[in-house]
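Please read the points below with the model open beside you.

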Amino acid sequence: MGTVDVANKDVTASLADKKPKVVFVLGGPGSGKGTQCANIVEHFHYTHLSAGDLLRAEIKSGSENGTMIQNMIKEGKIVPSEVTIKLLQKAMLESGNDKFLIDGFPRNEENRAAFEAVTKIEPEFVLFFNCPEEEMERRLLSRNQGREDDNIETIRKRFKVFLESSLPVIEYYKAKGKVREIDAAKPVGEVFEAVKVVFTPKDEKVKSHGFSFPLLENESHCLGGLRNSTGDKLAYSFEVVCHNLLHITVF
Ligand SMILES: Nc1ncnc2c1ncn2[C@@H]1O[C@H](COP(=O)(O)OP(=O)(O)OP(=O)(O)O)[C@@H](O)[C@H]1O
Ligand SMILES: O=c1ccn([C@@H]2O[C@H](COP(=O)(O)O)[C@@H](O)[C@H]2O)c(=O)[nH]1
């Protein structure tokens, strides 16, 4: 036990040194968190850490906590914070990245307080996928990934835990102005358009009466399609010649 604690202190210290940027991705079961995280990784180069996936990998690894975790997941219950936080810390350190999407955690107030106390990390913001239960239920029942908890009995338990334990976490961060809420009932592509707006830095967003775009340092001549930092085309048929400028705004 002593060795584990010492090892974890080292992990905590190394992580704190890195000052990682963390976004919590929350929403009910089946709201589309994992689907959108994959898109965010591709466009914005975060590392995606699904707490549920880490717990499922722990079961598969044959760890001493495996049976306990498996029973909790079958019942839709929340695994003790200590177990999940250690898995998250280890994965963050091993990733080599400093930008993380933590998907499906914190699931209750105790998870949240323990994570902040142990890691000293506060999330940049919370991405909240809001979706009606009927839609989430439909999605989970047709997910077809062989998950033991994607059956109607466990799904109902997971919904109850989400409402009673996870929503208060979202309310906590809402009161701090940290929640970015997305209508997750729309098709995948439309949901991602809304997500992109959240992750795109302010000075690169299209404005109602024009848009601005960054130029590469030393770039003096920009011909043809203009792109924002995520690679989306903003406009065509422009020829802009500029000197000593890093931003141009077109109205
Ligand atoms: N916007 C969407 N419209 C329709 N189907 C979707 C949408 N987003 C995701 N799905 C589908 O719904 C199912 C659940 O999505 P996903 O696994 O991303 O949800 P999740 O929030 O990560 O779920 P969980 O919390 O249970 O892990 C998947 O089969 C996925 O393909
Ligand atoms: O922080 C967490 C994350 C997950 N769990 C348990 O895992 C299942 C499945 O989670 P998904 O996010 O849907 O993959 C969840 O119902 C919990 O039992 C957890 O305990 N703590």
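**Notes on the model**

1. Ile78 touches Arg107, Asn108, Asn111, Val161 and Ser165, leaving out residues up to four places away in sequence. Two residues are in contact if their C-beta atoms, placed from the backbone, lie within 7 Å. This is a predicted model, in which local features need pLDDT of at least 70 and side-chain atom pairs count only at pLDDT 80 or more, while totals for chains, interfaces and linings use all residues. Residues are numbered from 1 along each chain as its sequence is written, and chains are lettered from A and ligands numbered from 1 in the order in which they are written.

2. Ile78 lies in the loop between helix 4 and helix 5 (81-95). Helices (H or I, at least four residues) and strands (E, at least two) are DSSP runs, numbered from the N terminus. Is Ile78 buried or partly exposed? Ile78 is partly exposed, because 19 other C-beta atoms lie within 10 Å; a residue is buried at 20 or more such atoms, exposed at 12 or fewer, and partly exposed in between, with C-beta atoms placed from the backbone.

3. Gly104 sits in the loop between strand 3 (99-103) and helix 6 (109-119). Gly104 counts as buried because it has 22 C-beta neighbours inside 10 Å. Apart from neighbours within four places in sequence, Gly104 contacts Lys33, Ser50, Ala51 and Gly52.

4. A residue is near a molecule if its C-beta atom, placed from the backbone, lies within 6 Å of it.

5. Ligand 1 has 15 residues around it, of which Gly32, Lys33, Gly34, Thr35 and Arg139 come nearest. Helix 2 (33-44) and helix 9 (188-199) are the elements that give two or more residues to this shell.

6. The largest nonpolar core has 41 residues, and Phe24, Val25, Leu88, Leu101 and Ile102 have the most contacts inside it. Such a core is a set of buried Ala, Val, Leu, Ile, Met, Phe, Trp, Tyr and Cys residues joined through C-beta atoms within 7 Å. Strand 1 (residues 21-27) supplies the largest share of this core, five residues.
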